[in-house]
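Trainee: Before I look at any numbers, could you show me how to read the inside and the outside of a protein model?
Mentor: Let us take the inside, then the surface, and then a single residue.

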Amino acid sequence: QLTGSIDIMMSHDWPAGIVHHGDGEKLFRVKKFLRKEVDTFGSVPGMRLLKLLRPRYYFCSHMHVKWHAVVRHDDDDGGGSG
């Protein structure tokens with residue numbers, strides 16, 4: 001069981017729905033196929049863990065592209081935790 005806060009989380013697959021938390025159009029210009037797959041793309045367990053553990057930073061690869069998203073949590077106080 002994990003206790004305390006997590007600063008960094010890493011995974012191979014992107015969390016499901018992460019595209020909706022960033023500049024999707026910028027990503028689609030680089031990865032054109034994602035426009036058609038945006039609703040089925042990513043790891044559902046990965047997004048569950050992201051929401052549960054709320055790491056300050058979450059790095060993932062798989063797509064071989066530099067792109068960022070910001071996931072805000074319901075009780076985010078603006079302290080940079082999500």
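Trainee: Which residues have the most contacts inside the largest nonpolar core?
Mentor: In soluble globular proteins, nonpolar side chains tend to be buried together. In this predicted model, the largest nonpolar core has 15 residues, and those with the most contacts inside it are Trp14, Ile18, Val19, Leu27, Leu34, Phe41 and Leu50. Helix H1 (24-30) and helix H3 (44-53) each supply at least two residues of this core.

Trainee: What does Phe41 touch, leaving aside residues up to four places away in sequence?
Mentor: With those sequence neighbours set aside, Phe41 is in contact with Trp14, Ala16, Gly17, Val19, Leu34 and Met63.

Trainee: Turning to the surface, which residues form a nonpolar patch there?
Mentor: The patch is formed by Ile8, Met10, Tyr57 and Phe59, which together have about 480 Å² of accessible area. Strand S1 (8-11) and strand S2 are the elements that give two or more residues to this patch.

Trainee: Is Met10 buried or exposed?
Mentor: Exposed means over 50% relative accessible area. Met10, which is found in strand S1, has 65% relative accessibility and therefore counts as exposed.

Trainee: And His73, where is that residue found, and is His73 buried or exposed?
Mentor: His73 lies in the segment after strand S2 (57-60), and because its relative accessible area is 11%, under the 20% limit, His73 is buried.

Notes:
Residues numbered from 1 in each chain as written. Predicted model: local features only at pLDDT ≥ 70, side-chain atom pairs only at ≥ 80, totals over all residues. Heavy atoms only, no water. Helix = DSSP H or I, 4+ residues; strand = E, 2+ residues; numbered from the N terminus. Buried < 20%, exposed > 50% of the residue type's maximum accessible area, 1.4 Å probe, protein only. Patch = residues over 30% accessible without salt bridge, like charges linked within 9 Å, V, L, I, M, F, W, Y side chains within 5 Å. Areas by Shrake-Rupley, 256 points an atom, 1.4 Å probe, with all protein chains shown as cover. Salt bridge = Lys/Arg side-chain N within 4 Å of Asp/Glu carboxyl O. Core = buried A, V, L, I, M, F, W, Y, C linked by side-chain atoms within 4.5 Å. Contact = heavy atoms within 4.5 Å.
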